Amino acid sequence: MDENPGLSDQYRAASPWPLFVALGIPISELGILFDVFALSVGGLLLFCGSVAGMAREAEYASSAWRALAVLGVICLALGWALAVGVDLPTRGYAVVAAGVLLLVGAVTGELFVDETASPI
């Protein structure tokens with residue numbers, strides 16, 4: 001009798017990203033809702049980083065760093081709209097700060113991480 005019926009060796013059993021997406025959304029929403037700057041930024045970093053990892057794992061993106069940069073630009077635009085358009089400055093600045101950190105991380109990763117190297 002087979003231990004894992006229906007599973008093939010060519011597919012991974014599970015991905016770690018959905019758990020982090022599921023944690024990042026409520027953390028960032030709680031931070032934005034209750035106006036807690038650090039919680040908002042941390043939750044958005046967790047959420048966007050996980051989405052970029054999922055996009056790379058599913059091969060929708062050629063590089064996780066480029067997907068992270070796109071999400072950083074989206075956060076910048078959304079944060080600017082919150083700060084200026086909707087007149088929620090603290091919450092908007094939290095989203096802008098997360099976007100800036102995502103862009104810095106994406107540029108740093110693209111420049112300094114060698115994705116062709118084999119893991120140790």
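How many residues does helix 2 have, and how far does helix 2 reach from its first C-alpha to its last? Hello everyone, let's start there. Helix 2 covers residues 37-57, which is 21 residues. From the first C-alpha to the last, helix 2 reaches 30 Å, close to the 30 Å expected at 1.5 Å a residue. Please keep in mind throughout that this is a predicted model.

Let me step back to the whole chain for a moment. The protein chain has four helices and zero strands, so if you read along the sequence, the pattern is α-α-α-α. There are 120 residues in the protein chain, and 28% of them are buried. Now take the contacts with a separation of 6 or more: residues 24 or more positions apart account for 57% of those. P18 is found in helix 1.

Which residues of helix 2 are buried? They are S40, V41, G43, L44, C48, S50, A52, G53 and A55. And what do these buried residues pack against? Their partners are helix 1 (17-33), helix 3 (64-85) and helix 4 (89-112).

Let's pick C75 and see what surrounds it. Setting aside neighbours within four places in sequence, C75 is in contact with C48, V95, V96, G99 and L102.

Next, how do helix 2 and helix 3 meet? Their axes are 8 Å apart, and the two helices pack at an angle of about 140 degrees. Helix 2 is therefore oblique to helix 3, since an angle has to be over 145 degrees to count as roughly antiparallel. The crossing of these two helices, helix 2 and helix 3, is right-handed. If you want to find the meeting place yourself, look on helix 2 for C48, G49, V51, A52 and R56, which meet A64, A67, L68, L71 and C75 in helix 3.

Helix 2 is followed by E59, placed in the loop between helix 2 and helix 3. E59 is not a glycine, yet its phi is positive, at about 65 degrees. Is E59 buried or exposed? With 67% relative accessibility, E59 counts as exposed, because the cut-off for exposed is over 50%.

The other residue is D87, in the loop between helix 3 and helix 4. D87 is also a residue other than glycine, and its phi is positive, near 65 degrees. At 59% relative accessibility, D87 counts as exposed.

Definitions and conventions
Residues are numbered from 1 along each chain as its sequence is written. This is a predicted model: local features need pLDDT of at least 70, side-chain atom pairs count only at pLDDT 80 or more; totals for chains, interfaces and linings use all residues. Side-chain values use heavy atoms; hydrogens and water are left out. The expected span of a helix is 1.5 Å times one less than its number of residues. Buried means under 20% relative accessible area, exposed over 50%, partly exposed in between (1.4 Å probe, protein chains only). Contact means heavy atoms within 4.5 Å. Axes are lines fitted to C-alpha atoms, for helices over the stretch in contact, and angles run from 0 to 180 degrees between N-to-C directions. Angles under 35 degrees count as roughly parallel, over 145 as roughly antiparallel, 65 to 115 as roughly perpendicular and the rest as oblique. A crossing is left-handed if the near helix is turned anticlockwise from the far one by less than a right angle, and right-handed if clockwise.
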